[in-house]
Amino acid sequence: MSYSLLRPLLFSLNPETAHRVTLYAIENAHRFKLLQGNPIDCKHRNIMGIDFPNPVGLAAGMDKNGEYINALAAFGFGFIEIGTVTPRPQPGNLKPRLFRIPQAKAIINHLGFNNDGVDKLVENVKYANYQGILGINIGKNFDTPVEKAADDYLMCLRKVYLHASYIVVNISSPNTPNLRQLQDTEELNHLLGTLKLEQNKLTDECGKYTPLVVKIAPDLETKQIISIATLLMKHKIDGVIATNSTFSRIGVEHLPHSSKTGGLSGAPLTKHSTTVVHLLHGVLQGAVPIIGVGGIMCATDTKEKMDAGASLVQIYTGLIYRGPELVCETVQAICK
Ligand SMILES: Cc1cc2nc3c(=O)[nH]c(=O)nc-3n(C[C@H](O)[C@H](O)[C@H](O)COP(=O)(O)O)c2cc1C
């Protein structure tokens, strides 16, 4: 059934219920073989030493616990990112914490890393036995002081290391107090140094190199972007994801829900995150590959992210407004 027919029904539910219902439905459709598919095979590219069957991935946050990996992969993504996961399970912020702004094709989320904890995620990943490319996005618990954040990232890094194709250090969620402080030069220098050391140790112990990727916010000044890019090169970080959702409300100020607390994603973020990709590329010049994410709602948005310097892209809010057809549309646009 076409997603445009299902969407009014889903949008009549509250957004968190719609999210659960949709994932439950696709999981069952996959289990009963009504939904089947492999990564669309097109323009393979080797990024971070990994062979991506196509450059369009699922962004973090849709499958926080890795419960729906095989069903989501059936939409044709070149790679799937799960998480953000934290060391201990946590319920996230109080509900309601997810809002649609349909007039602007946008979402505001204030979820706050609701997840079942890293042990449960690893169990789910093992059970899925997924053979495709899997990114695991890690964070810190809401009650871990920011000065101790490295301990949380280290714990998650060790537990997911063997199970991930790449690991994302999320320091850019707008919904965990003070998390974005970790993007400041001194804190980031310390965090990346610590994680890189552990990555080297784990590589020796496990006989496997798992690339480390850092996910950044769109709400950064140019000089902060330059400073982050410089640190990524200094610490030989394998990749960078730009961007997470934004605090900005430019373009939606007049619309219902625009004053809700949280990160804004979708169409109002498109240009903003592409600018961050462009600025990063200006400094990195290919030394660290960029995964572009933020407001990809159509094929043109994808091409603009790639033209700005992204090697891969990811989508989330576009799926809510356009459905899984968006995956095929964006892959085809790149493959032309
Ligand atoms: C409901 C929701 C939950 C999200 N949760 C996470 C998360 O747990 N970790 C993360 O790194 N990004 C998370 N994100 C951010 C997305 O991965 C993405 O970076 C951002 O939404 C911009 O892309 P988009 O405009 O295509 O949605 C979330 C986004 C949404 C809408």
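**View 1. Strand β9 is mostly covered in this predicted model.** Leu212, Val214 and Ile216 point one way from β9. Val213 and Lys215 point the other way, and both are buried too. In a regular strand, side chains alternate between the two faces of the sheet.

**View 2. Strand β8 pairs with β9.** Strand β8 covers residues 166-170. The two strands pair in the parallel sense over 4 bridges. Asn170 has Lys215 of β9 as its bridge partner. From β8 the chain passes through helix α6, residues 185-206, to reach β9. This β-α-β crossover is right-handed.

**View 3. Strand β10 pairs with β9.** Strand β10 covers residues 239-242 and runs parallel to β9, joined by 4 bridges. Val240 in β10 is the bridge partner of Val214. Helix α7, residues 222-234, carries the chain from β9 to β10. This β-α-β crossover is right-handed.

**View 4. Strands β3 and β13 are joined by bridges.** Strand β3 holds residues 56-58 and strand β13 holds residues 312-315. They run parallel, and 3 bridges join them. Gly57 stands opposite Gln314 in β13.

**View 5. The strands close into a barrel.** There are 8 strands, with parallel pairing. Their order is β3-β4-β7-β8-β9-β10-β12-β13. From one strand to the next, the twist averages 25 degrees. In this order β9 sits between β8 and β10.

Key:
Residues numbered from 1 in each chain as written. Predicted model: local features only at pLDDT ≥ 70, side-chain atom pairs only at ≥ 80, totals over all residues. Pairing = 2+ DSSP bridges. Axes fitted to C-alpha atoms, helices over the stretch in contact; angles between N-to-C directions. Buried ≥ 20, exposed ≤ 12 C-beta atoms within 10 Å, placed from the backbone. Right-handed = clockwise from strand over helix to strand, strands pointing away.
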